[in-house]
Amino acid sequence: MTATPAPRPRSRWRAILARNLTLRLVILLMLILMTFTGINDYIRLTREREQLLRQTQEDERIFAETLALAVSRNVRRGQTTSELQELLDDILSRPGLVAVTIYSPEGSVVAETVAVGEAPPALDDLVRTALRRGPQAAPLESKSGPLLRFIQPFRWPGGRTAALEVRQALGDMERQFREAVRKQILSRFEVMALLVLCLIAVTRWSIARPIRKLIAGARAVGTGDLAQRIELTRQDEIGQLADEFNRMAAYLQAAHDELVLQAQERLKLEQEVQQAQKLGEVGMLAAKMAHEIGTPLNVISGRAEVLGQVIPRDHPDRRHLDVILRQAERIGGSIRALLNYTRPRRASLRPEPILPILGRVASLLMERSQRRGVRIHLELPVGLPPVLADPDQLQQAFLNLVLNALDASPPGSVVRLATGDGPLRPTEGWASVIRGKVEGPALPIHVIDTGKGMTAEQLDHVFEPFFSTKGQGLGTGLGLPIVEEIIRAHRAEIEMLSLPDNGTEVIVRLPLAHPEAAAPAGLRPTGGPHG
Amino acid sequence: MARQPSILIVDDDPEMRALLLDVLRNEGYDTAEAKDGTEAVLALRRRGYDIILMDKNMPGPSGLDLLPGLRRVCPATQIIMMTAFGDVPSYMEAVEKGAVEYLFKPFRMEEMKTAVAKALERKAESRA
């Protein structure tokens, strides 16, 4: 047994994505939305942070200025370093304040206060710059986080300039900022989640649902339910698609119905032909029987009639004769009844084009010919003059002829239906037999096979009932007698040429419906050579 | 006295020929017989007949095949065809080829006699 490896997660996701249009659409939209709102948020938050920083700086500046003013006043009033130190220690309770340092004009630290754990400030370039040029501000990274330095110069007794440095932790601001970012992200997610839900709902309602309907419809049609229609009352592309689909299904259904109808009609026709064939054969049998019985029966009844004139009516033995007469009459009646039942109706001849008749014959025998691997070629030009024919009977005659040709033909060969005056193949040395006779201009139809053919001896008997060259159980031996009867009823003529191993050519010459309009080519009056 | 009408009976069945000969001779006709087309042609070469009573189905050329030739050789002779019943197509063909009457076997002798009489009348009319 071979174990199927479980699909790798990646390919499974890919498969899900590949199958689910809604999911793909949502993800795509989300990506686009997230990119845009992300950029937007980034810009906005950056600005906000700057704003916050500026605000903090401003606060610090004001605080530093105020403090510097206070220190300056106290120094001028002659406060001591320890008093200044006291002031600074009081101030350290201000939230966020990390350190305050007072530098003398020489740059030495006069007083300072530093929060626990912070490094004490020392004179550096920024302080010097502030002493020379005025207030300075700068960020600074310390152990406890980012700080903001602000150095405010102030007037020192003696006209000199001292400086005050305030170090404020930015932690508070950062916390505020992080809070803002967190809120922003949270609200963003809420909006996104809401959006996703809306999107899923919308796509489900307006895309996935109708598409699923389309899929179900297509699947139903694909499995043969051609009556399936998709009910969508929409004007958009999906609605149009559904309309197109319905149109296609309707067309398929119509085509399918048409095919079924055609098949049914063909089956019906085939059954009718078979029925006619059977009836024709039974009729032929009955006719043969009637013919065999007719003469002896006639002799019996005739002799009895003769006796009836000799034996007087009141003779005691006259009844024997009457019985013979009545019984002979009864036999005649029985056979007449059988003939009436089976005899093909009289041919009603009327002008008919031959092509449709032969076309029907070819289509009726298509399956049989395919089974035998033999092709039927209709080599007849359009515009052949109409002939005097009973289409049903003539169809039966040609059906028998083509059937014989098919049965005699080897697989891979061709049975031709053609027109032309004489034999269409060189038939020197071929045996031939003619039945019926045509007067006036006629249309010759050839049925040609390259099958096993017949000897002159066989050909002589071919129109006799119960004669068959087919194997036992294959032919009834009534096909050609029926053909002959039909041909004679049409006042037509049938010629059969054959040579063993070369095939058979049958020429049926059918009288034209309008002999006066006989076309010159290929339709000269026949009958002369055979008369 | 006018000569008796002459009838040639053509049928391959000897019993049928014998019956027809008996009945027609009894009626006073001048009768002769032939068992097939060849014999019929030979008989017609020897003399003419008023009526030919001929079976359709015979070995060799059938009655229908013989009809046109007979019509040509002796156009005045009335030809009555006989065949097994139900043979409508050959009836049509026979009438077209010039047979004046058609009898379906088995027919009654009275029927046959009537047909012969009618054929004779027709011949008399055509001569007149």
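This is a predicted model: local features need pLDDT of at least 70, side-chain atom pairs count only at pLDDT 80 or more; totals for chains, interfaces and linings use all residues.
**Chains A and B: the interface and selected local features**

Across the interface of chain B and chain A, the rule finds 2 salt bridges.

One salt bridge joins the side chains of Arg303(A) and Asp22(B), with a distance of 2.5 Å from N to O.

Which elements of chain B give two or more residues to the side that touches chain A? They are α1, residues 14-26, α4, residues 88-96, and α5 of chain B. Of these, α1(B) supplies the largest share, namely 6 residues. By class, the residues on the side of chain B that touches chain A comprise 12 nonpolar, 2 polar and 10 charged.

I turn now to the extent of the interface. The size of an interface is often given as the accessible area lost when the parts come together. Between chain B and chain A, the buried area is about 2300 Å². Carbon and sulfur atoms give 56% of that area. The contact draws on 24 residues from chain A and 24 residues from chain B.

One pair of helices deserves a separate description. Helix α6 of chain A, residues 237-310, packs with helix α5 of chain B, residues 109-127, at an angle of about 90°, and the axes are 9 Å apart. That angle makes α6(A) roughly perpendicular to α5(B). Who are the partners in this contact? From α6(A) come Asn298(A), Gly302(A), Glu305(A) and Gln309(A), and from α5(B) come Met109(B), Glu110(B) and Lys113(B). Sorted by class, the residues in the contact of α6(A) with α5(B) are 1 nonpolar, 3 polar and 3 charged.

Helix α6(A) also has a partner within chain A. With helix α12 of chain A, residues 479-489, α6(A) packs at an angle of about 90°, the axes being 10 Å apart. The helices α6(A) and α12(A) are therefore roughly perpendicular to each other. Here Gln277(A), Gly280(A), Glu281(A) and Met284(A) of α6(A) meet Pro481(A), Ile482(A) and Glu485(A) of α12(A). The classes in the contact of α6(A) with α12(A) are 3 nonpolar, 2 polar and 2 charged residues.

Let me return to salt bridges. How many does a search of the whole structure find over all chains? The search finds 32. The side chains of Arg44(A) and Glu48(A) meet in a salt bridge, at 3.9 Å from N to O. Both residues, Arg44(A) and Glu48(A), lie in helix α2 of chain A, residues 21-76, and they are 4 residues apart, about one turn of the helix.

I close with two details of the backbone. In chain B, a cis peptide bond joins Lys105(B) and Pro106(B), with omega at about 0°. Pro106(B) belongs to the loop between β5, residues 101-105, and α5 of chain B. In chain A, Arg491(A) has a positive phi of about 55°, although it is not a glycine. The loop that holds Arg491(A) runs between α12 and β12, residues 493-499, of chain A.

Conventions. Residues are numbered from 1 along each chain as its sequence is written. Chains are lettered from A and ligands numbered from 1 in the order in which they are written. Side-chain values use heavy atoms; hydrogens and water are left out. Axes are lines fitted to C-alpha atoms, for helices over the stretch in contact, and angles run from 0 to 180 degrees between N-to-C directions. Angles under 35 degrees count as roughly parallel, over 145 as roughly antiparallel, 65 to 115 as roughly perpendicular and the rest as oblique. Contact means heavy atoms within 4.5 Å. Ala, Val, Leu, Ile, Met, Phe, Trp, Tyr, Cys and Pro count as nonpolar, Asp, Glu, Lys and Arg as charged, and the others, Gly among them, as polar. Buried area is the accessible area (1.4 Å probe) that two parts lose on being put together, summed over both. A salt bridge is a side-chain nitrogen of Lys or Arg within 4 Å of a carboxyl oxygen of Asp or Glu.
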